[in-house]
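Reader: I would like to go through this structure and ask what each label rests on.
Author: Here it is; ask in any order.

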Amino acid sequence: MASSVPISTMGCVVLGVFIAFAMVGCVSSSRFDELFQPSWAFDHFTYEGELLRMKLDNYSGAGFSSKSKYMFGKVSIKIKLVAGDSAGTVTAFYMSSEGPYHNEFDFEFLGNTTGEPYLVQTNVYVNGVGNREQRLNLWFDPTKDFHSYSLLWNQRQVVFLVDETPVRVHSNLEHKGIPYPKDQSMGVYSSIWNADDWATQGGRVKTDWSHAPFIASYTGFEIDACECPDTMAAVNNIKRCSINGGEKRYWWDEPTMSELNVHQSHQLLWVRANHLVYDYCTDTSRFPVTPVECQHHRH
């Protein structure tokens, strides 16, 4: 039977059925080192109890990755982004599989000059193909406090959430002949790096290293997902983690999770109307012919 990390109590599993519509799993925050490990620039990490700080300076950025890979579920991290002049910096939180035909779900937080809003860029890669960027500004200052950023992934949809508010949905449109990410296990990652060739105002504003180090802070590490052991063949992981072949139904496979509920749909409409600043679906200079998935829905 596929395992869920962290392990919930039986009471939580039952409760999860009733509250699944709210996209809230029964999971408590874990310490960083229970779920993750630094992947590069180990000396750019500092730990204070439940808090992790990761820095970018003119020597290096830094990054961390999950110890396990997963197929379907929900991952969340609370992040406080680089304060002050963060122009040229990018902090990313994402899920990704491996290989040339990888799948990936990205949050990228694009730094800005002091007083200008952060931009959040989301992207979806399927079978190695991305170019599905959306950008939005936030309804709060993400440098002042911790806010949760989450990815919900099941066989019907990928939902990007900010403080549990959906900001993007990527739906399964296989019936339209569009590939959907459902057969590759994914790791969970975060990194901070210098991207002043493109991150801020198209690369016009460069990183001011006199303001270094640039520090992103993390807490609230949560992974409630189907874990995929490296020792198991991919086809067996798919069977274990899928609604059809698995020995149990996970909360994210409940029928209520196959699409947004009415309240969440209204939240997404509000985000798109008030905070979306770029959508690849409407960029006719890049895509003279509207991408097929955009013709079906405007998420």
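Reader: What makes the disulfide of Cys-226 and Cys-241 left-handed?
Author: The torsion about its S-S bond is about -75°, so the disulfide of Cys-226 and Cys-241 is left-handed. This is a predicted model, in which local features need pLDDT of at least 70 and side-chain atom pairs count only at pLDDT 80 or more, while totals for chains, interfaces and linings use all residues. Residues are numbered from 1 along each chain as its sequence is written, and side-chain values use heavy atoms, with hydrogens and water left out.

Reader: Why is the pair Cys-226 and Cys-241 called a disulfide?
Author: A disulfide is a pair of cysteine sulfur atoms within 2.5 Å. The sulfur atoms of Cys-226 and Cys-241 are 2.1 Å apart, so the pair meets that limit. The two cysteines are 15 residues apart and link distant parts of the chain, Cys-226 being in strand β15 and Cys-241 in helix α3. Helices (H or I, at least four residues) and strands (E, at least two) are DSSP runs, numbered from the N terminus. Both Cys-226 and Cys-241 are buried, a word that stands for under 20% relative accessible area, with exposed for over 50% and partly exposed in between (1.4 Å probe, protein chains only).

Reader: How many disulfides does the rule give?
Author: The count comes to two disulfides. Cys-281 and Cys-294 form one of them, with sulfur atoms 1.9 Å apart. This pair also links distant parts of the chain: Cys-281 is in the loop between β16 (276-279) and α5 (292-296), and Cys-294, 13 residues apart from it, is in helix α5. With a torsion of about -70° about the S-S bond, the disulfide of Cys-281 and Cys-294 is left-handed. If the bonded cysteines are numbered in sequence order, the pairing reads 1-2, 3-4.

Reader: How do you know that Cys-228 is in no disulfide?
Author: The nearest cysteine sulfur to that of Cys-228 belongs to Cys-241 and is 3.9 Å away. A pair must be within 2.5 Å, so Cys-228 stays out of the count. Cys-228 has 3% relative accessibility and therefore counts as buried.

Reader: Are Cys-281 and Cys-294 buried or exposed?
Author: Cys-281 counts as buried because its relative accessibility is 7%. Cys-294 has a relative accessible area of 1%, so Cys-294 is buried.

Reader: What makes the buried residues of helix α3 line one face?
Author: The buried residues of α3 (residues 234-241) are Asn-237, Arg-240 and Cys-241. Seen down the axis of α3, they fall within an arc of 85°, so they line one face of the helix; the arc is that of the directions from the helix axis to the C-beta atoms. Val-235 and Lys-239, on the other side of α3, are exposed. The buried residues of α3 pack against β6 (69-80) and β15 (214-228).

Reader: Which residues carry the "active site" feature, and what is the source?
Author: UniProt places the feature at Glu-104 and Glu-108, in an unreviewed entry. UniProt positions are given in the numbering used here, feature names are shortened, and annotations may be inferred rather than shown by experiment. Glu-104 is in strand β8 (residues 104-110), and Glu-108 lies in strand β8.

Reader: Why is Glu-104 called buried?
Author: The relative accessible area of Glu-104 is 13%, so Glu-104 is buried. Glu-108 is also buried, with a value of 13%. Setting aside neighbours within four places in sequence, Glu-104 has contacts that include Tyr-94, Asn-123 and Met-186, where contact means heavy atoms within 4.5 Å.

Reader: What makes the pair Glu-104 and His-102 a polar contact?
Author: A polar contact is a pair of N or O atoms within 3.5 Å; within protein, one must be able to donate a hydrogen and the other to accept it, and residues adjacent in sequence count only if both atoms are side-chain atoms. The side chains of Glu-104 and His-102 make such a contact at 2.8 Å. Another polar contact, of 2.6 Å, joins the side chains of Gln-121 and Arg-135. Gln-121 lies in strand β9 (residues 119-125) and counts as buried because its relative accessibility is 8%.
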